[in-house]
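Hello,

Here is the structure I promised to pass on to you. Have a look at it first, and then read my notes below.

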Amino acid sequence: MLEEQVAKVLMEARRKCIAIPLIDALSKQDIAFGYQVQKAFIRLNQQAGNELTGWKVALSSQPALDRFSLQEPIYAPLFAANRLCGELMQAQVIAPKIESEMVFVLGNDLAGNHVSDDEILAAIAWMAPAIEVADCRLQGWKFDISHFVSDNAAAGFYQVGNMVPFDANVLEQSGCSCLLETAEGTSEAGSAENVLAGPLGSIVRMIRGILTIFGEVRAGQHFLSGSLTKPVDMISGQTYRLRLLDQTIELQYKSFIGNAMTDKFDKGLATRKAVLGEEYVDSSINNATQFTRPLQQLVTEYCWGDVWQREGLAKRERSLINLAMISALNRPHELALHVRGAVNNGVTVAEIREVLLQVAIYCGVPASIDAFRTAGAVLKEMGLDLDAPDLA
């Protein structure tokens, strides 16, 4: 079924944290099909043990609805793996945007199409301020409505503050005035006015819409009711703080695994990408597992962020040294990477040849032969002439 195929493609993009182009077959579909993809998402996630924990609303302001000529906001499921506890790693996201929200929690189940507004409000037991991190699986955040709905309305992650008993009067009196701050001193103010009908009106409309599409909602589920602030592009290394309802929620957006961004890591990542290529480095970091991430941290911070930053040798000279050492170690995969890196650093084909000839004398002819074979394949792939006159 097409909806399950689309769901699997988008789930894989999320797993690898790689943005994908629009899917031609999906562009021909409508919102109803997008919700069928969401139902496939729910089945696949539950099969993987990632339980449904709630719902979010998107396009919850009038300008957002007008952009797509919609009469109704878009709804999407949330899962256990979407919950955050104070930190978000860069390797978990593609192009994250942060928003300020109110989250509501039901105290009992609701089902069917004939639930009244009063019954919905009576079912709400708890409320809390929340941060949502929206993250689109589609390249450049560019999509049509069928892609947006199928992509779970760009659902990424969310963090919830301290739950307090639901009190409509508190919300109305406060106006949900809030402030989203960064450690750098920038801030974004927000209020209930930025959500169509305010958080209370939004949650009622939201639950009714979800009941119509999915049939039921459960006690304990979380409902993100719409962004009180405009979406803000997240910057790695920043700490974000939401101040709402006399609470402060803090979310650290870390550049890598367990440590906040360091100057060495930042410089190392830039140098590593410049030498080895952005696509390769992004793939290495985004596809790292808990098993391999400490090595990626070590390599980026101390190899590329420390030794490669030293002024005693130019980068092209370091590349020449690397070619000799890696050839001696007979590590063809790494040699292929560093042949490409050497060319990026200005090393010529003739200079690469001379290094590999030197390897033959000091490290052995077999090592040199393998190195020539690997280097030749890479240079040819890069479109460089291995029979150029200056090589004669």
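A word on naming to begin with: helices (H or I, at least four residues) and strands (E, at least two) are DSSP runs, numbered from the N terminus. The model is a predicted one, so local features need pLDDT of at least 70 and side-chain atom pairs count only at pLDDT 80 or more, while totals for chains, interfaces and linings use all residues. Residues are numbered from 1 along each chain as its sequence is written, and side-chain values use heavy atoms, with hydrogens and water left out.

Cys176 sits in the loop between α7 (168–174) and β9, and its phi is positive, near 55°, in a residue other than glycine. Ser69, in the loop between α4 (62–67) and β2 (74–79), is not a glycine either and has a positive phi of about 55°. For background, most residues other than glycine have a negative phi. Cys176 is buried, with a relative accessible area of 2%, whereas Ser69 counts as exposed at 64% (buried is under 20% relative accessible area, exposed over 50%, with a 1.4 Å probe and protein chains only).

Next, the sheet. Five strands make an open, mixed sheet in the order β3-β15-β14-β9-β10 (two strands pair if DSSP finds at least two bridges between them). β3 (87–89) and β10 (187–190) are at the edges with a single partner strand each, so one side of each has no neighbour in the sheet. β9 (residues 178–182) pairs with β10 in the antiparallel sense over four bridges, and Cys178 has Gly190 of β10 as its bridge partner.

Happy exploring!
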